[in-house]
Structures are given as C-alpha cells and as structure tokens.
Amino acid sequence: MFSPDNDFKTPSVIAMEKWLDAPAGNHGFLEMKGNNLVFEDGEPIKFWGVNICSDQPFVANDKADKYVNMLAFMGVNGVRFHKFTWEATDSKYSTVPDSLKFLKMDYFQYKLKERGIYYGWSHIYGHKVKPKDSSRLLSYREIANLSYPWKHLNGSSSSLVNFANDLQDLNIELTVNMLNRVSPYSGLRYADDPALSFIEFQNEDNIFWAAMEAALKQAPTYRALLCKQFSEWLKDKYDTDEYLKIAWGSNLPEGESISKMNVYPTPNHGVFGFEYNRALKDDSEIPNDVLDKMRFLYDTQLKFYKRFEKAIRETGYKGIIVGSNWQAGSGISHLYNLHADYSVGMVDRHNYFGGGKGGHVLDTGKVKSKTMVSLPGSGLLSTGMQQVENRPFAISEWMSLIPNEYTAESSPIIATYGMGLQGWDASFAFAVDEAHYTNTLQSKHGVYNVTSPLQMALYPALSSMIYRGDITEAPSVTERNVHIPSLMSGKLGFSEQIEQRYDDKYFSGSVPPEALAFGKIPIVFTEEYEETKDLSVEQLQVYGNKAITSITDELKWDYSGKGYITINTKGTKGIIGFTKGKEFDLEGWKLSTENDFVVIYLTSLDKFNGMDQSRKILITAIARARNKGMAYIQDGTYLVKKGTAPIELEPVNFELSSPRNTIASLQPLDHMGRLTGEKILLKKNKIRINGNRYKTMYYLLEF
C-alpha cells in the first residue's frame with residue numbers, strides 16, 4: 001500500500017530543494033541562444049516542470065505554500081500556469097484582471113520565485129468575451145453564443161481569433177494588462193520580473209484547426225471577414241477572376257469570386273493533410289487552390305503573432321515567447337504552422353499516450369495497453385519530430401494515461417531521451433491538482449495526474465539526472481530541410497505523416513521516428529531549397545537486431561521483444577521496461593530483476609560527482625500500481641473494476657552488485673524518502689532486495 005505522509009517540509013534523503021537555484025530570476029531574464037535556453041548572464045537552464053491549471057493558481061495562501069513545498073521537495077523548477085483567465089477577469093470586461101483573484105496568484109508566484117521555481121503563463125485557452133466587450137466586436141452575439149464540441153470553449157474567441165483583429169485586441173490587451181500589473185510582494189511589474197520565464201499567446205489553437213469551420217457556420221459576420229481577407233490576398237496574387245479560374249480550374253466553387261469578395265479558404269487541417277497524403281500516394285501535385293489556401297492562412301497567422309509579439313515587447317518584457325503548441329495536419333500545413341511558432345519564439349508542443357474507454361476520466365472498458373518501450377521513438381518521444389534547429393524546444397503538456405498499466409515508463413523516457421539525448425529545454429507534465437500525492441491513481445483532473453507515485457515518485461531521480469547533465473546531448477544525425485517559399489509550389493524534400501486522434505499523435509515518414517533513439521533529427525528552415533537525406537531504421541540497428549544504441553553510447557533501446565531501455569552514464573544507471581530474467585552490466589554495476597515490467601534508477605546524490613565517487617546513491621524502483629480492488633482481464637486490455645483508495649504498489653524484487661571496493665550499506669527509505677532505521681551491509685558488493693519485505697520504492701546505498 002502506498003502510504004506517504006505528504007509532509008514535504010521535514011528533511012528527507014530525496015528532498016531536492018538544494019538543487020534549485022534560488023531565487024528565480026537571479027541570473028536575469030531568460031533568452032534563446034541557438035537551440036538552448038540561457039539567462040542574460042549566460043547561465044543555461046533546463047526546466048523540469050508541471051502544469052497547475054484553472055482555479056488552482058488562485059488558491060488561498062496556505063495551500064499555495066503547500067504546493068511550493070511539494071514542488072521544491074520533488075526538484076521541480078518550473079510551473080506552467082494554464083487556462084486560468086476564464087473566471088479571473090472582471091465580470092463585464094474580459095481584458096481587466098480580477099484584482100482580488102490575482103492578489104492570490106501574486107502570492108503564489110512570489111513564493112515560487114523565492115524557492116527557485118520559475119513560472120510561465122499559458123493564460124488563454126479560448127478567450128471568453130464579456131458584455132462590455134460588445135462595442136469593440138464585429139458581432140459580440142455571434143462570439144458569445146458560439147458552441148464547440150468542447151464545452152469549455154463555448155462563448156470564446158477560440159480559432160476565430162487567428163484572423164479577426166477585434167478578437168486579437170482582447171487577447172493582447174488582457175496580456176498587456178497582466179504584464180503591467182505590479183505584484184505587491186515583489187514590488188515589480190510582471191513585465192520586469194525575470195522569474196516569469198515565458199508567455200504563451202494561446203493554448204492549442206491555430207488558424208489551420210478544423211474546429212474553425214464549425215465556428216464559422218455559427219458566425220456569418222466572421223466568415224464574411226475571412227472570405228474578404230482571402231479574396232484580397234487572391235487579388236494581390238492573381239489580380240482578376242479570370243486568372244484565378246485559370247489557376248484553380250474546376251476547384252473554384254460556383255458563386256465564389258474575387259469580385260464578390262467571398263472566396264472561402266477552407267481552414268481545416270484535415271483537408272490539407274488529406275490532399276498532401278493523396279499527392280504522395282498518387283505521385284501527383286497538390287492542387288493550386290489548396291496551396292493558395294494554406295499560404296494565405298500561414299500569412300494571416302503570422303500577422304497575428306507579430307502583432308501580439310510587438311505588444312508584449314513594448315511592455316518591456318524580455319523573456320521567452322511561445323506562439324501556440326498545436327499541430328496542423330500532415331505535410332505542408334503542419335510546417336507552415338510550425339514556422340509561424342518558430343518565427344516568434346520557442347517551439348512548444350503537446351502529446352499524450354495511453355488511456356482507455358473513459359477518455360479524460362477513469363472508466364471500465366477497453367484499455368489502450370500499448371507501451372512506448374515496445375517501439376523506439378513512439379508515443380510521447382515522437383513529439384521530438386517537431387524539434388527545430390536554432391530554437392529551444394519544449395513539451396508543455398504530456399502524460400501517459402491510466403488505465404494503461406505501464407505509465408511509469410513515461411517520465412523516464414521524457415527525461416532521458418527527450419531532455420537528455422534530444423536536448424529538449426523544458427518539460428511540463430500535465431497536471432498537478434493537489435498539493436499532495438493523490439490516494440488513487442486518478443486525480444480531480446481524471447486520468448491526468450502528476451501526483452501519482454507512478455509519476456512524481458520518480459522526480460527526485462530524474463531531476464537530479466537532468467540538472468547535473470548526466471545524459472549527453474546528441475549531435476544531429478540528419479536534418480529535415482524545409483524552404484518556406486518552396487512550400488507555395490508544394491515542394492518539400494521529404495515525406496512526413498502525422499496520425500492524430502485528439503491529443504494522441506504519431507509520426508512517420510522518410511526520416512523515421514525510431515531515429516530519435518539514435519540522435520537528433522531536427523527540422524531546419526533553410527534559405528534555399530535543399531533535399532533531405534533519407535534515413536532508414538536498418539541504418540540505426542546494431543547488426544540488424546532490433547536494438548538502437550544512441551550515438552553517444554550511453555543509451556540502448558532494445559525492441560526485439562516487448563522492449564526495454566538501459567541508461568549508462570557517470571551519474572545515473574538504469575533500466576526501463578520488460579527486463580525479467582535479464583542481467584545488465586552497466587560499467588560494472590550489475591542489475592537484474594524478477595519483475596516483468598520495471599523502472600529502476602541508480603542516481604548519484606552528489607551535484608558534482610558520479611556514481612564512482614559519490615558517498616550516497618539513491619535507488620528508485622517502481623513497477624506497476626493499482627487502486628485497491630482494481631481489476632483487468634488477464635492481458636490488461638480491458639478494465640473490469642476501477643477500484644478505490646488506497647493505491648497498491650507492485651513490489652520490486654531486484655539484485656544489485658557494485659564495482660566499488662568500499663564497504664557499503666543499503667537502507668530502505670519510507671515513501672517520503674526518509675530513513676527507516678534499517679541498514680543492510682552489502683556482501684561481496686552484492687545485495688538482493690525483496691520488495692515484498694521492504695514495501696518501498698526508495699533505497700539509499702551509502703559508501
């Protein structure tokens with residue numbers, strides 16, 4: 001049974017606050033330097049962070065203190081405050097922050113700053129209009145009455161904001177007002193506070209998003225505006241309807257023309273992805289009307305982003321800007337959208353994996369039981385296919401979702417391959433809803449739960465690995481070249497498809513995602529058209545076996561069976577996946593386990609020394625977990641019972657031997673990483689651990 005006392009103030013072996021560089025902002029504002037995030041004084045940083053959402057940024061001060069204590073304890077150095085302005089603005093004006101609510105957030109942010117935890121704003125997820133906005137809008141009624149398949153976006157400017165200046169003005173004005181607010185705790189305008197690490201224009205939105213078409217059917221005034229903008233764009237290109245008809249042929253719908261200013265640009269990533277994939281399959285050209293629509297939408301998106309960027313910079317804010325974090329289908333529309341984000345700042349994306357019939361909530365029924373370790377570059381790691389040369393890269397929402405039983409693989413894969421080998425700059429897991437471990441695998445946010453032992457209990461090992469820089473960043477092994485002007489004629493030097501079901505995405509193409517287990521394969525936006533050199537999976541495998549060793553030689557991904565990963569660095573050794581019956585020799589550290597599936601990390605607790613010199617090494621051993629009474633059919637593909645509190649952890653049995661010729665002892669720790677008083681001496685530098693006896697995920701190996 002998982003039984004933490006949730007006391008994040010009492011000292012512990014695993015407490016990571018001493019690894020945080022407090023106060024946040026002491027190195028100046030965050031900047032982009034090539035592929036990296038660095039501060040004004042040149043100090044580099046990587047963010048191992050979490051999302052805190054909705055009403056939680058406005059909690060009472062005592063709960064904010066509890067949040068901060070927990071995050072500092074776990075080694076979290078970044079918080080993405082997300083979708084928090086829906087109910088936090090004036091009741092009549094949507095651009096005026098509610099001063100009483102923001103006073104609570106002022107306190108929360110100041111306390112994070114004191115402890116060395118940076119914060120960023122993902123404040124707009126569909127800006128909800130208010131009555132006093134009406135005189136500023138082309139049609140207040142149309143926006144206020146908008147209905148989306150996702151109820152939380154009803155009555156918001158989502159999707160339409162990407163082309164409508166009146167709606168953009170609301171988003172921009174709210175953001176500027178927030179930046180000009182003075183915190184009574186720090187005495188600084190937020191525009192002047194370097195602890196504010198980034199500002200995101202909008203969450204999961206772009207002009208290619210298919211949901212816009214449903215919105216436009218309900219908003220004829222805005223549909224007419226979009227058609228007018230597109231028709232003017234076409235007039236600049238073709239001058240007359242005659243030339244437009246020659247270029248588009250029968251694809252110009254009857255009744256639409258430049259002269260009538262009513263040509264519709266079909267803002268739908270699904271349509272554009274279909275046309276791209278059909279052209280690949282048939283070895284044909286993408287129709288001119290499709291190419292024109294995509295280019296117009298890209299140009300329009302970029303105008304909005306540049307307006308927003310200019311307004312933020314005029315406040316004096318010098319930190320990082322993020323456009324948005326959503327895909328736009330496959331091929332050309334996707335790359336136009338990616339370049340729009342690239343043009344204003346850091347590239348940021350989202351991805352999810354696993355889950356079941358209940359979707360956002362835990363429910364009985366079919367389970368998405370596939371694992372990421374079974375295929376290199378799959379699942380969450382495939383997000384790295386959108387990494388771009390000369391920009392930092394973030395994954396600001398991600399989670400492996402229950403009732404998939406193997407969710408413990410996700411944080412290690414993100415930390416080791418994403419933040420490590422691929423050199424990602426920021427990770428913000430989704431989401432933290434309580435200032436303590438939850439007593440079931442699910443949280444208030446349903447299946448999105450950082451405060452599960454399958455996630456947060458791994459953070460001390462992973463954050464120390466990241467902050468010490470244990471994993472060597474790989475060089476680029478190939479580059480996917482994109483020349484933006486050439487996209488206008490449909491010319492792209494490689495193929496790439498994105499399979500997307502809402503938040504769950506998978507990439508494939510002439511450069512396979514499996515290459516992410518070998519080295520970096522970024523997109524490069526080039527000055528001239530350049531072909532991309534194809535890369536095959538066979539080129540990456542060792543002697544034709546289904547195993548890929550990283551170009552740095554520190555990581556190995558074996559997928560000849562159900563899949564496993566080994567980590568072998570100076571500061572961290574580990575195994576992830578299906579390792580039963582195998583013995584691993586990691587530079588003399590030998591590790592084996594009886595469990596079918598397991599995550600075991602050996603981590604130096606010394607900031608500067610590796611495992612060959614550190615006096616203290618943390619062993620973290622986690623397998624699967626279930627709510628009490630939770631039940632699946634045998635192969636784990638169908639959940640029969642959801643179960644109730646408490647969480648029951650699968651014991652991990654393992655054997656470890658050390659190459660160090662020094663007397664060593666192993667001390668089981670409790671679920672908060674504190675000493676239990678028991679100490680076991682290693683015999684001949686070897687020890688066998690019975691998880692059924694010690695019932696913990698933490699052990700301290702002390703030399």
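Let me start with the hairpin of β20 and β21, where two residues lie between the strands and Glu587 takes a positive phi near 50°. Strands here, like helices, are DSSP runs numbered from the N terminus, with at least two residues (E) for a strand and at least four (H or I) for a helix. Please keep in mind that this is a predicted model, in which local features need pLDDT of at least 70, side-chain atom pairs count only at pLDDT 80 or more, and totals for chains, interfaces and linings use all residues. Residues are numbered from 1 along each chain as its sequence is written, and side-chain values use heavy atoms, with hydrogens and water left out.

In β20, Phe584 and Leu586 form the covered face, while Glu583 and Asp585 form the uncovered one.

Turning to another part of the model, there is an open sheet of eight strands with parallel pairing, in the order β7-β6-β5-β4-β3-β11-β10-β8. Its edge strands are β7 (320-322) and β8 (347-354), each of which pairs on one side only.

Within this sheet, β5 (residues 118-122) and β6 (residues 196-200) pair in the parallel sense over three bridges, and the bridge partner of Tyr119 in β6 is Leu196.

Methods: Buried means under 20% relative accessible area, exposed over 50%, partly exposed in between (1.4 Å probe, protein chains only). Two strands pair if DSSP finds at least two bridges between them.
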